[in-house]
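Hello,

Here is the structure I promised to pass on to you. Please open it first, and then read my notes below.

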Amino acid sequence: MSTSDGPASWASKNPSPPFISQRGSRVETDALNTLVSGAIWRAEQLEAHGIRFASQAWAEVSSLEEELAKAFPLSESEGRIARRGAVRAALKAGEYARAHALADGYLADEAAPRSLKTALRKILQEDDQAIAGRFQHAAKHHTLREARDLARRFREGGAFGLAA
Amino acid sequence: METVAFYSYKGGVGRSLLLANAARFLATLGKDVVALDFDFEAPGLHYKLGDQRDVRSVFLGGAVPYLLATAEGAASAPPLEKHTISVAVPTDAGGWLRLMPAGPAPEQTYWAAFKELGGKLRLGDPSGQGFMALFDLQARIADELKPDYLLIDARTGVTELGSLATTILADTVVCMFVANQESLDGTLTVVEALKGTPRLGSQRPIRVVPVLSRTTAKSPEDDRFASGVKRLLEFGEGKQGQNQKDRALFALPHDDVLGASERVVGGERKASAFSPLYKAYLELFQSLFPSGAESARNVLERLESIAGIRGDLTSERSESYEYDDLLPPWGASLIQEGVLYKADYQHRGKEGSRYADLLCRSEGGTPLMVVEYVAGDPVDEAPEFWGKNTKVRCVVLVGPNRWEHRIFTRDVNGGDLRRVERWDLPRPREFELLRDVGDRSVESMLEAVRHGHIEAVAWLVNEWRDSSLVGDIMGPKGPRHWRPERAQRILDGLAAIEDLDCAEEVLRRAAAGRFDHRRRKRRFRDDWDFGEDLEQKMAEDLFAPLFWRLPVEAVQKSMEPRHYPGEISSLAGYRLMANDLMGLRYDPDRSALEDARLMSARLPASRDHRDEGEIVWLHRSRREQIERVRLSDEAPPALVWEEMLQEEPYRRSTIEEANEKVGAKVKELLESNTSLRRRLKEVSGRRDLATLGLLGSYEPSGNIDLYPRVITAAAEALGIPPRYLKSVVFIHLSVWAMARETYDLDGQRGYGFAPSPRTSPIDRESPTHVTLVQAFTDRLIRLLKDPNLQDAFEKLSKHQPEPYTLWAPLRKLPLEKLRMLLLRARASAAALDLPSADDSQ
């Protein structure tokens with residue numbers, strides 16, 4: 001499954017906006033697009049072959065997509081695609097908290113079009129369904145919300161809630 | 001599915017062992033059980049439930065590999081079959097037990113997987129996947145295996161997995177702790193947390209059952225500990241006391257054996273597995289598993305009952321019946337436990353199979369007795385089944401109260417098993433003693449004695465004693481009744497004993513002084529003061545008649561000390577003759593002391609030496625008492641003189657040569673049964689069968705010699721059993737001894753009543769003395785009411801010299817008159833005016 005709408009296709013149609021790296025150097029978004037394409041291909045290959053570093057590769061994809069999202073405004077389709085890609089890749093990486101944090105940020109943006117919000121919510125919903133699908137037996141008895149609620153309490157209170 | 005987690009704040013409390021026992025117990029009740037080892041850091045449930053070698057070497061699954069596969073997002077769920085092991089359960093009750101071990105610990109592969117799982121299974125992950133993985137495992141077990149119970153061995157201490165297993169997965173948490181403040185405080189903290197943990201919408205409120213483990217008598221009882229326990233009981237369930245308000249902790253006693261071996265006994269129906277710890281387990285299970293509470297109670301009742309019966313069978317009896325002392329209990333190796341016996345037999349349309357809780361075998365392996373627990377079963381089916389399908393001779397049916405067991409027995413030759421009144425459980429030796437262990441009648445016991453089973457002697461002596469008590473007196477088995485006819489039957493039966501060992505045993509047991517104070521107190525009630533009187537009665541009414549009626553060889557042996565050299569044999573037999581019959585007093589100790597004083601007066605010695613001399617004589621007297629009766633192989637004087645007189649060369653050769661020749665001839669005669677019988681027939685034909693001198697002899701020194709070869713030959717000649725003739729001779733010679741050695745009211749002994757020293761054929765004993773001795777012999781035999789002795793005495797006297805035959809006319813004399821004659825004869829035989837033979841008409 002691809003997590004983006006195809007960075008190569010949109011990169012060829014649009015002029016590359018400038019991208020400032022963490023070290024302050026100017027990077028062309030075309031280069032980022034090239035990197036993210038390679039990262040996606042690599043992550044998909046690792047996942048297809050069941051190699052355990054796939055989640056790390058998806059985390060890399062998510063980070064690159066996030067950078068692209070910063071580089072492209074919401075008004076541009078590249079920006080919307082990158083936002084969806086960042087959330088989806090984070091979920092694939094198993095970084096549920098990060099994915100939700102990204103999604104919450106993107107959804108909170110007043111400029112975000114309705115279609116993007118719907119798409120982001122669908123991505124999160126699909127992920128929930130995927131988890132429920134992995135744990136079919138558990139899902140018959142408990143909701144994911146319950147599990148997350150327990151996880152939260154567990155994080156806060158520790159074993160037996162004694163640390164709360 | 002009910003999920004029960006077993007948790008402990010500290011390790012080493014027997015948590016896994018309790019879980020293993022619970023799992024096995026539930027499976028034997030027909031429940032389906034999965035045991036899950038969540039103690040990933042120190043897994044060991046597979047050591048208690050499964051074959052750990054299989055788990056380590058063959059099995060690669062388990063909870064850790066399973067969760068790792070899940071956490072890695074396996075495309076399809078790992079098959080549960082590869083991660084669980086089927087555990088054998090002891091019965092075919094229909095339940096099963098599967099174990100999901102933590103993994104193949106302690107192999108390296110397990111620890112590698114466990115390390116990897118730590119990074120993957122993030123329980124606090126906000127996606128909820130960690131929790132979902134755990135929920136999924138629990139739910140898969142519920143959906144696919146469909147057990148009745150999931151038992152989880154939770155990690156000790158305050159850990160993530162331990163916390164989740166107890167707070168999230170469990171419906172019930174068993175919190176185990178030991179009796180120290182540290183363990184209690186930690187447990188209390190966790191229990192409070194457990195009760196405060198919010199539950200999921202689909203879950204019931206959590207049940208907490210605190211269990212105090214490894215208790216000993218030295219468990220702390222201070223206020224702080226007690227208040228902690230009280231608080232624990234506010235949160236958790238406890239054992240209900242007799243009053244509604246009373247609640248106590250469930251407590252598991254320390255058990256060196258089970259605790260050390262970690263043997264899993266849960267569900268075990270064998271009595272040998274029963275212990276205080278197992279009992280405590282069952283009490284806990286009644287509360288912990290309400291659906292199995294009744295079964296747990298039944299198992300507990302069954303085991304308590306059977307273990308009690310097994311204990312009775314294998315231990316000495318507390319009651320002090322001497323009979324029981326001689327019957328050793330069943331050896332543990334002779335008792336087989338838990339035998340399911342299947343047969344084609346049908347009863348009322350039901351297939352035939354029964355479960356023998358205990359099967360007792362002989363040393364040779366022959367099944368002798370079945371003990372079956374039959375609570376609720378129709379009773380008549382059991383004995384019918386065992387009777388028709390096996391050759392066991394006894395069936396014991398026992399219910400929840402083992403004291404109310406029922407015993408069924410049958411004859412050694414078979415037949416139906418019949419209910420008997422017997423209460424105590426048969427011992428292995430009894431199956432040899434008795435044809436039917438349910439028949440402990442006098443006749444049956446006497447038959448056992450006739451077959452040489454010495455153990456029955458004690459029983460018969462006891463029964464004689466119980467039957468002879470006048471009035472209804474409470475005994476250990478209820479009121480005793482006076483049954484003189486039964487007592488007489490026992491006495492006559494004992495008197496007929498041929499076996500010398502048994503006869504000796506009879507005399508030893510019937511003799512007075514058998515009971516010291518402690519044994520008497522055990523034997524008789526404290527407030528019942530008849531012990532010594534009863535012993536006196538036994539000596540007079542049982543020992544004394546048997547002393548004269550039992551084979552002389554046994555009498556002789558019974559007088560030998562058995563326990564210590566100075567042991568004094570009973571004189572009751574002689575006293576019956578001397579005191580009751582002859583009106584004289586028999587006191588050998590007094591005689592010995594008098595003789596000692598007489599001797600020491602003749603010897604110039606100091607006072608001290610005189611005292612020592614008396615003691616020496618006293619001991620000597622007692623020794624002589626023991627050695628008084630001898631069965632001699634020497635030649636009777638009468639036989640020797642008869643040979644000498646027939647020896648022609650005697651008159652021509654020297655006396656020494658003649659003696660030597662005669663000695664050889666008599667020896668040859670004694671060694672040839674045929675010649676001896678011919679000679680005795682000849683002697684009896686001429687009515688010269690003298691008791692004194694031929695069949696036996698009495699020396700003034702006090703010795704009584706019997707010549708068994710001659711007596712046997714004479715008995716054959718007369719057509720009477722030798723043992724009775726021997727007794728007649730013994731009585732006759734004893735009358736001689738008593739007539740001479742006893743004291744009259746003046747304190748005089750009968751020195752005038754001397755038998756012939758037999759130094760020559762001319763020296764003959766006084767005919768008057770012989771007649772008197774025969775008269776008292778007849779009186780004693782009549783007193784004994786023994787027809788065999790009477791017959792032997794009368795047949796013998798018909799072949800004896802005239803003085804031996806005059807007892808018949810003397811029967812008419814009153815006893816007092818006879819005693820007067822005896823007194824006069826003791827003083828001077830010539831002064832008597834005895835009736836002649838003609839007077840017998």
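Which helices of chain A and chain B each supply at least two residues of the lining of the largest pocket? They are α2 (29-48), α3 (54-71), α4 (77-92) and α6 of chain A, together with α4 (63-71), α5 and α6 of chain B. Helices (H or I, at least four residues) and strands (E, at least two) are DSSP runs, numbered from the N terminus.

Before going further, a word on the ground rules. This is a predicted model, in which local features need pLDDT of at least 70 and side-chain atom pairs count only at pLDDT 80 or more, while totals for chains, interfaces and linings use all residues. Residues are numbered from 1 along each chain as its sequence is written, chains are lettered from A and ligands numbered from 1 in the order in which they are written, and side-chain values use heavy atoms, with hydrogens and water left out.

Back to the pocket. The largest pocket holds about 1,300 Å³ of space, and of the 40 residues that line it, the closest to its centre are S55(A), K92(A), G94(A), R134(A) and E72(B). Helix α6(A) gives the largest share of this lining, six residues. By class, the lining divides into 17 nonpolar, ten polar and 13 charged residues. (Ala, Val, Leu, Ile, Met, Phe, Trp, Tyr, Cys and Pro count as nonpolar, Asp, Glu, Lys and Arg as charged, and the others, Gly among them, as polar.)

There are also two cavities of 30 Å³ or more in the whole structure. On a 1 Å grid over the protein atoms alone, a cavity is a set of points where a 1.4 Å probe fits but cannot get out, and a pocket is an open set with protein on both sides within 12 Å along at least five of seven lines; lining residues have an atom within 4 Å of a point. Grid points are joined across faces, edges and corners, and a volume is the space filled by probe spheres set on the points.

The largest cavity has about 90 Å³ of space. Among its 13 lining residues, V13(B), S213(B), R214(B), L277(B) and Y281(B) are the closest to its centre. In chain B, β7 (207-215), β10 (250-253) and α11 (276-288) each supply at least two residues of that lining.

Now to where the chains meet. In chain A, 27 residues are in contact (heavy atoms within 4.5 Å) with 40 residues of chain B. The rule finds one salt bridge across this interface, with a salt bridge being a side-chain nitrogen of Lys or Arg within 4 Å of a carboxyl oxygen of Asp or Glu. K140(A) and D143(B) form a salt bridge through their side chains (3.5 Å, N to O). On the side of chain A that touches chain B, α5 (96-108), α6 (114-134), α7 (136-141) and α8 (144-157) each supply at least two residues. Helix α8(A) has the largest share of that side, nine residues.

Over all chains, the structure holds 63 salt bridges. One of them joins the side chains of D492(B) and R549(B) (3.1 Å, N to O). Because D492(B) lies in helix α18 (residues 484-495) and R549(B) in helix α21 (residues 531-549) of chain B, the pair ties together parts that are 57 residues apart in sequence.

Two backbone details in chain B are left. A cis peptide bond joins A105(B) and P106(B), with omega at about 5°, and P106(B) sits in the loop between β4 (96-100) and α5 (108-120). K146(B), a residue other than glycine, has a positive phi near 50°.

Best wishes
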